[in-house]
Amino acid sequence: MNAPDLSTLTGLRSGKPTFYPQYRGAAERLERVVHALELISRALVRTVEGPETLICAVAEAARAHLDARWVAFALADGMLPDAGPRRLVLGPDATPFLVDNVEGPPLPDEVVTCLGDIRSARTGRAPVIDAHHAFVPIVLEGGVVGAFAAWTAPQRTLDTTDGAVLSILASQTAVALQNSALYQRGQRLLEHAEHAYAEARRTASDLAVRNAELESTQRQLGAAHRHQVLDEERHRIARELHDSVTQAVLSAGMQIEVCRSGVSDDERRERLDLAKDLTRRAVEQLRSAIYALNHSKSSDRTSLPGMLEQLGVVHMPDDLEVSVRVGGTPAELSCDREHALLRIAGEALFNAAVHANATRAVLRLTYSADSVLLSVADDGDGDPKQMRLMLRMAANNDLDGHHRGLANMQARAAEFGGTFEVARARLGGVRVAARIPLGDRPSGGDNDNEVER
């Protein structure tokens, strides 16, 4: 639609002062136009207040300009979905008879019909201006999105000036509705962004708190791990001292005790030399327990059967006869496994001589495909049942320092996934047996039938 020219807005077709009546009428129309444009501008600047406020202000501007009895506004279905209200009817004295879906008193039939035509898009794109009725479509981007309609009283006759004003109002309303919808969408996006930002700040704060808690937990776990390592090392040192130094010192004491009895001078010197050697060995073992508790990994170390032979000669007094027997095909063992088996054998032989008053002991080492079995049987007066009870008490830490030998032997076997048993020996005394896997996996079978019980 072409923009209205000045003659259309004012109705003034001649500037000559001789046409005074025409000039006066034009001046009145111009005054109405200026007033109408002022109303329109006031309505359109309310875009940021939302579509509902905008539409109500526009409808009131049209009603005030036309002195209309009825003003109707409607948007076509499916157009400007974010705008609202979709329908608005103002009656006499600006009384709202219909706001969207809120209906008031009954409407005239012509108003109801007009609203239905606008909503269903059954109207044309050209404005219709009659003497007492005006219909102006709202066109946006080449399509009709809605319309204004007005009905005036008999004393108010519409002319082309009113049509031009309503056309300006309709076109500006279309743009304002779109801008309002965009503004409202932007506001929603801004609110969403602010909410997301606040949520991100809360999340960052929560993460900071959780990170601090995690760091505190890690410090506590580190401290607990260090305490555990120290505790395990303390128990390992205690076990090493019990299985090495204690045995050597007690054995030296036994040799000295024998020297106090009626023995020959040669035997006394021999036993004192042995006691001296045992005490020196105890000092060496104590130093070794402090600095390097593991068995030496030198390539020229004595084999396990050889070390067991030496153990039967050096550690025990002469009145305990120890025999060593090896069965199966010998296999290469790690140093820590050999060390554990050697300590178990030493503790078992020491118990047989000191606690069980045994005179004979059989130390048997049996190799199988996946494990090695060490058994020590004696002819002493030990009670296997009582020893098993002591082992159960050791599991609850109910033993004092005088009865840690059995628990240490069991712990050494368990360190490698092995087993430890106490039973009655065929020699009449006690038989202890420790089975240790050759590798990291537990042993697969039991070859106890090869060993005398």
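1. Basis. The model is predicted, local features need pLDDT of at least 70, side-chain atom pairs count only at pLDDT 80 or more, and totals for chains, interfaces and linings use all residues. Residues are numbered from 1 along each chain as its sequence is written, and side-chain values use heavy atoms, with hydrogens and water left out.

2. First aromatic pair. Rings of Phe, Tyr and Trp (its six-membered ring) are paired if their centres lie within 6.5 Å; planes under 30 degrees apart count as stacked, over 60 as edge-to-face and the rest as tilted. This rule gives two aromatic pairs. Trp-70 and Phe-97 are edge-to-face, at 4.8 Å centre to centre and 75° between the planes. Trp-70 belongs to strand 1 (residues 68-75) and Phe-97 to strand 3 (residues 96-99), so the pair ties together parts 27 residues apart in sequence. Helices (H or I, at least four residues) and strands (E, at least two) are DSSP runs, numbered from the N terminus. Trp-70 and Phe-97 are both buried, that is, under 20% relative accessible area with a 1.4 Å probe and protein chains only (exposed is over 50%, partly exposed in between).

3. Phe-73 lies in strand 1 and Phe-148 in strand 7 (residues 143-152), 75 residues apart. Both Phe-73 and Phe-148 are buried.

4. Five strands form an open sheet in the order 8-9-10-12-11, with mixed pairing; two strands pair if DSSP finds at least two bridges between them. Strand 8 (321-327) and strand 11 (419-424) are the edge strands, each pairing on one side only. Strand 10 and strand 12 (residues 430-437) are antiparallel over seven bridges, and Leu-373 stands opposite Arg-435 in strand 12.

5. Helices on the sheet. Helix 8 (residues 335-354) touches strand 8, strand 9 (360-367), strand 10 and strand 12, and its direction makes about 10° with that of strand 10. Helix 10 (residues 405-414) touches strand 11 and strand 12, at about 135° to the direction of strand 11. Axes are lines fitted to C-alpha atoms, for helices over the stretch in contact, and angles run from 0 to 180 degrees between N-to-C directions.

6. Val-372. Val-372 lies in strand 10 (residues 371-378) and is buried, with a relative accessible area of 1%. Not counting residues up to four places away in sequence, its contacts (heavy atoms within 4.5 Å) include Leu-333, Leu-341, Tyr-367 and Ile-436.
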